[in-house]
Amino acid sequence: RRDRAVRRGGRVRYVDGLRAPAVVEALGRAIRAATTRPWTIMEICGGQTHTIARYGLEALIGDVTLVHGPGCPVCVTPLEVLERARRLALAPGVVLHTFGDMLRVPGAQGDLLDARSRGEEVKILSSPWDAVTRAREDPARQHVLFAVGFETTAPTTAAVIELAAELGVENLSVLASHVRVPPAIEALLARPDHRIDGFLAAGHVCTVEGFDRGYPALAARFGVPIVVTGFEPVDLMRGVLACVRRLEAGEPVVDNAYARAVRPEGNPHARAAVEWGFEVVDRPWRGPGVIAGGGPAHR
């Protein structure tokens with residue numbers, strides 16, 4: 001593929017190697033060869049699920065079943081939080097700021113796209129810093145940043161809170177619905193009827209949070225391997241292969257199959273920002289319900 005792209009004057013991208021069919025197929029053969037019995041593995045993030053479906057990876061892994069969930073943070077944002085955001089958008093003198101993926105998520109009585117179509121002030125963000133800028137330029141109205149996400153986006157929300165305080169922007173508030181992944185894994189494994197043998201942890205979460213806290217204790221306590229995995233086809237197939245090998249060997253440990261982006265300690269600056277701006281609380285998830293320690297709440 002590289003030679004064809006060069007001959008045609010095309011541009012070879014780094015990501016092409018992580019989508020190479022020959023590599024993906026070879027990893028599929030390795031997974032099938034390593035598997036002596038059926039195994040069930042859950043990938044954590046909806047982005048990983050999208051890649052699995054887009055590239056048909058499930059057809060290549062033999063007796064390994066992939067369970068999709070718990071999903072993306074948008075999917076698990078509870079109805080009551082969505083409804084609160086919608087009511088804020090409808091309130092006079094309030095401007096709601098959020099990312100585009102939140103507009104179509106249904107609440108109890110509609111979604112934010114409907115509120116926006118009725119002329120209400122729902123602004124789409126290209127960056128969370130936009131909320132600070134807009135609030136500073138429009139002091140007569142109240143501005144609300146509707147922030148969701150796994151541990152990945154919590155540091156930027158904390159940084160926005162800190163920046164607004166430093167600049168004296170008093171008309172900006174934050175409606176935060178961040179969630180934490182390890183407590184969700186624990187809640188799933190604590191169910192006596194679960195059938196999960198191993199996990200593919202979300203690489204973007206671990207880029208921020210690392211995997212030295214929470215994950216090793218979960219793997220040891222419940223006897224399941226956890227593999228930190230990226231989002232391209234080769235990433236995911238390598239993650240499945242690493243997980244199958246640990247399962248076959250009876251080794252409930254944490255592996256890092258995304259070493260180009262993830263370190264065990266994560267990003268120390270991002271972790272410090274989260275610890276400054278948030279405290280861990282019990283948080284409701286859409287679907288599972290209230291999860292102990294399931295999310296951070298801003299202080």
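## Two helices in contact

In α9, Val181, Pro182, Ile185, Glu186 and Leu189 meet Tyr215, Leu218, Arg221 and Phe222 of α11; contact means heavy atoms within 4.5 Å. Helices (H or I, at least four residues) and strands (E, at least two) are DSSP runs, numbered from the N terminus. This is a predicted model, in which local features need pLDDT of at least 70, side-chain atom pairs count only at pLDDT 80 or more, and totals for chains, interfaces and linings use all residues. Residues are numbered from 1 along each chain as its sequence is written, and side-chain values use heavy atoms, with hydrogens and water left out.

The axes of α9 and α11 come within 10 Å and cross at roughly 10 degrees; axes are lines fitted to C-alpha atoms, for helices over the stretch in contact, and angles run from 0 to 180 degrees between N-to-C directions. The two helices are therefore roughly parallel, a label for angles under 35 degrees.

## The two sides of α11

Tyr215, Leu218 and Ala219 are the buried residues of α11, where buried means under 20% relative accessible area and exposed over 50% (1.4 Å probe, protein chains only). Viewed down the axis of α11, these residues fall within an arc of 100 degrees, so they line one face of the helix; the arc is that of the directions from the helix axis to the C-beta atoms. On the other side of α11, Ala217, Ala220 and Arg221 are exposed.

The buried residues of α11 pack against α9, β7, α10, β8 and β9 (254–256). Glycine 223, with a positive phi near 70 degrees, follows α11.

## The largest nonpolar core

A nonpolar core is a set of buried Ala, Val, Leu, Ile, Met, Phe, Trp, Tyr and Cys residues joined through side-chain atoms within 4.5 Å. The largest one has 29 residues, and Ile185, Phe199, Tyr215 and Ile226 have the most contacts inside it. Its largest share, four residues, comes from α9.

## Isoleucine 196

Isoleucine 196 lies in the loop between α9 and β7 and is buried, with a relative accessible area of 9%. Not counting residues up to four places away in sequence, isoleucine 196 touches Thr40, Met42, Leu188, Leu189 and Val224.

Terms used:
Parallel < 35°, antiparallel > 145°, perpendicular 65-115°, else oblique.
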